[in-house]
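Here is a short tour of one model, meant to be read with the viewer open. Please load the coordinates and follow along.

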Amino acid sequence: MKNPTQYLISAALLCAAFLVLPARASEGPSDAKGPVVLPPTVLALPVEQAILTSPPHVPPPIKRNYSARVIVNLEVLEVVGKLADGVEYTFWTYGGSVPGSFIRIREGDVVEFHLNNHPSSKLPHNIDLHAVTGPGGGATSTFTAPGHSSQFTFQALNPGLYVYHCATAPVPMHIGNGMYGLILVEPKGGMPPIDKEYYVMQGEFYTSGRYGEEGLQSFDMGKAIDEHPAYVLFNGSVGSLVGDKAITANVGEHVRIYFGVGGPNLTSSFHVIGEIFDRVYPEAGLSLPNANVQTTLVPSGGATMVEFKVDVPGTYIMVDHSLTRAFNKGALGMLKVNGAEDRVIYSGKEIDAVYLGAQAEAGSDSAKREAELKQKILAEIRSNPAIAGLTKEMQVEKGKQVYMGLCFACHQMDGKGLPGAFPPLAGSDYMLADRDRAIRTVLKGMTGPVTVNGVTFNSAMPPQEAVLTDAQIADVLTYVYNSWGNTGDAFTRDQVKAIRNEQH
Ligand code: HEC
Ligand SMILES: [Cu+2]
């Protein structure tokens with residue numbers, strides 16, 4: 001293993017290598033030692049090409065029970081990609097994705113590593129693999145100018161899950177632009193078999209603009225030094241694991257997430273809402289799986305493996321439980337679980353009764369009024385089939401209960417919102433202009449700038465699709481549209497259903 005002194009020395013070497021680059025790059029391979037002369041025992045090992053995958057995918061488990069010589073070809077690519085809707089960024093990547101390609105090898109393998117820096121790159125890059133024993137973890141040996149390819153060999157002595165990252169100066173900038181990934185060194189006995197495996201990494205982005213500010217953003221070194229990122233992300237962009245890009249599993253399956261933190265600075269409090277990790281390999285060490293963990297701490301430049309069985313269907317939200325990072329800076333992903341319900345393990349909402357405390361007498365009045373109206377409707381149906389008007393009134397009362405239980409916390413009792421934080425629903429030109437969009441906002445939530453009655457808000461509204469039924473959404477919007485001087489429209493559950501099922 002590397003000790004701290006070796007780290008310091010390797011960092012020093014790294015800086016030296018960087019400073020002398022211009023002379024070296026033109027001299028070509030003069031500093032290269034030439035291919036290593038491998039002993040016959042190693043030369044006799046079977047040779048194979050590593051399978052690399054981009055997130056959230058993981059290469060297949062290693063089946064062999066002997067060492068191999070594994071060839072890894074990793075390409076450095078500087079690419080413009082999406083940080084969020086309307087927000088672009090020039091990512092520096094290993095293999096074209098953030099995080100970079102997942103590498104899977106076996107303890108004892110001798111790895112011939114090729115780092116290929118694409119000719120279109122503007123800068124030299126290298127790689128420090130935390131799985132490597134040797135100064136710099138490969139960094140000095142892989143310092144590679146654009147249009148060049150470096151080769152070095154290492155033996156994977158320690159099993160575990162390791163971060164790799166660029167270590168070219170300024171290192172925080174290279175990592176902050178997306179240059180990190182994971183390498184799994186399976187123990188000789190293999191990882192325990194599991195149904196589903198996924199690859200997720202957290203990293204922060206220090207953009208010149210605020211969260212959601214549109215256009216091509218650049219890296220802001222000042223914000224990086226202050227550790228004030230605009231974005232904290234899973235897999236390199238807002239929504240990379242949301243909606244139809246969510247990771248999936250079926251009820252009864254066991255899921256393993258290989259989770260790493262590229263940083264460059266922040267530690268993650270990794271949590272899956274509504275799940276308990278049956279097993280956690282703390283700090284990705286293999287000796288001590290911990291059991292029944294809610295949230296696990298993953299340091300910058302560190303990793304973990306979490307495993308859990310999914311017992312009931314639904315959408316599970318993955319977050320950094322430092323929650324403004326999840327709700328305001330993007331560190332949020334989804335796991336969608338399909339299958340049959342088990343109402344003993346989780347019943348779902350059994351009863352929706354009114355409880356508002358002193359907060360909102362309006363709510364309990366509204367429940368009473370609902371009961372009255374139910375009676376009225378029954379009476380009305382008996383004597384008079386013209387019940388349309390009453391149906392709407394009924395919806396308004398039900399919707400009021402949903403509103404008082406959920407929306408009022410942000411949009412306020414009077415629907416006027418809070419300046420600088422929550423937009424108004426009373427007289428909202430934005431909402432009233434487009435009914436479908438209003439449904440969509442409640443279902444899918446909303447992030448990024450929105451202008452309501454001439455004032456711009458830029459925050460996040462949590463999606464309600466997993467919380468509210470179609471009928472509840474129709475009711476709450478009917479209440480909102482029939483309150484505070486709004487237009488008086490009604491919504492049906494079929495309208496909500498249509499938006500819920502629309503293709504994106
Ligand atoms: C946790 C706070 C929160 C809750 C709870 C919440 N919202 Fe919002 N809502 C917001 C924020 C913040 C925005 C603006 C998002 C942005 O700027 O990106 C918003 C935007 C909206 C908009 C579009 C903007 C406008 O004012 O016309 C509508 C409509 C809306 N919410 C309706 C609802 C309804 C209905 C509920 C209850 C089912 C609800 N919201 C619950 C915070 C919340
Ligand atoms: Cu780099």
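Which residues in helix 11 are buried? In this predicted model, they are Asp470, Gln472, Ile473, Ala474, Asp475, Val476, Leu477, Thr478, Tyr479, Val480 and Tyr481. Because 11 of its 12 residues are buried, helix 11 is largely enclosed by the rest of the structure.

The axes of helix 11 and helix 12 (residues 493-500) come within 8 Å and cross at roughly 115 degrees, and the crossing is right-handed. Helix 11 brings Asp470, Ala471, Ile473 and Ala474 to the contact, while helix 12 brings Arg493, Gln495, Val496, Lys497 and Arg500. Sorted by class, that contact has four nonpolar, one polar and four charged residues.

Gly399 has 27 other C-beta atoms within 10 Å, so it counts as buried. Along the sequence Gly399 and Gln472 are 73 residues apart, yet their C-alpha atoms are 6.6 Å apart in space. Leaving aside neighbours within four places in sequence, Gly399 is in contact with Asp475, Val476, Thr478 and Tyr479.

Next comes the ligand. There are 29 residues around ligand 1, of which Cys407, Cys410, Pro423, Met431 and Met461 come nearest. Two or more residues of the shell come from each of helix 8 (388-411), helix 9 (429-433), helix 10 (435-444), strand 22 (446-452), strand 23 (455-461) and helix 11. The shell divides into 21 nonpolar and eight polar residues, with no charged ones.

| Cis peptide bond | Omega | Loop holding the second residue |
|---|---|---|
| Pro55 and Pro56 | about 5 degrees | between strand 1 (47-49) and strand 2 (69-84) |
| Val98 and Pro99 | about -5 degrees | between strand 3 (87-94) and strand 4 (103-106) |

Glu227 is not a glycine, yet has a positive phi of about 55 degrees. Its place is in the loop between helix 5 (221-226) and strand 12 (231-234), and with 13 C-beta neighbours inside 10 Å, Glu227 counts as partly exposed. Glu283 also has a positive phi, near 50 degrees, and is found in the loop between strand 16 (277-281) and strand 17 (290-293). With 16 C-beta neighbours inside 10 Å, Glu283 counts as partly exposed.

Technical notes: Residues are numbered from 1 along each chain as its sequence is written. Chains are lettered from A and ligands numbered from 1 in the order in which they are written. This is a predicted model: local features need pLDDT of at least 70, side-chain atom pairs count only at pLDDT 80 or more; totals for chains, interfaces and linings use all residues. A residue is buried if 20 or more other C-beta atoms lie within 10 Å of its own, exposed if 12 or fewer, and partly exposed in between; C-beta atoms are placed from the backbone. Helices (H or I, at least four residues) and strands (E, at least two) are DSSP runs, numbered from the N terminus. A residue is near a molecule or strand if its C-beta atom, placed from the backbone, lies within 6 Å of it. Ala, Val, Leu, Ile, Met, Phe, Trp, Tyr, Cys and Pro count as nonpolar, Asp, Glu, Lys and Arg as charged, and the others, Gly among them, as polar. Axes are lines fitted to C-alpha atoms, for helices over the stretch in contact, and angles run from 0 to 180 degrees between N-to-C directions. A crossing is left-handed if the near helix is turned anticlockwise from the far one by less than a right angle, and right-handed if clockwise. Two residues are in contact if their C-beta atoms, placed from the backbone, lie within 7 Å.
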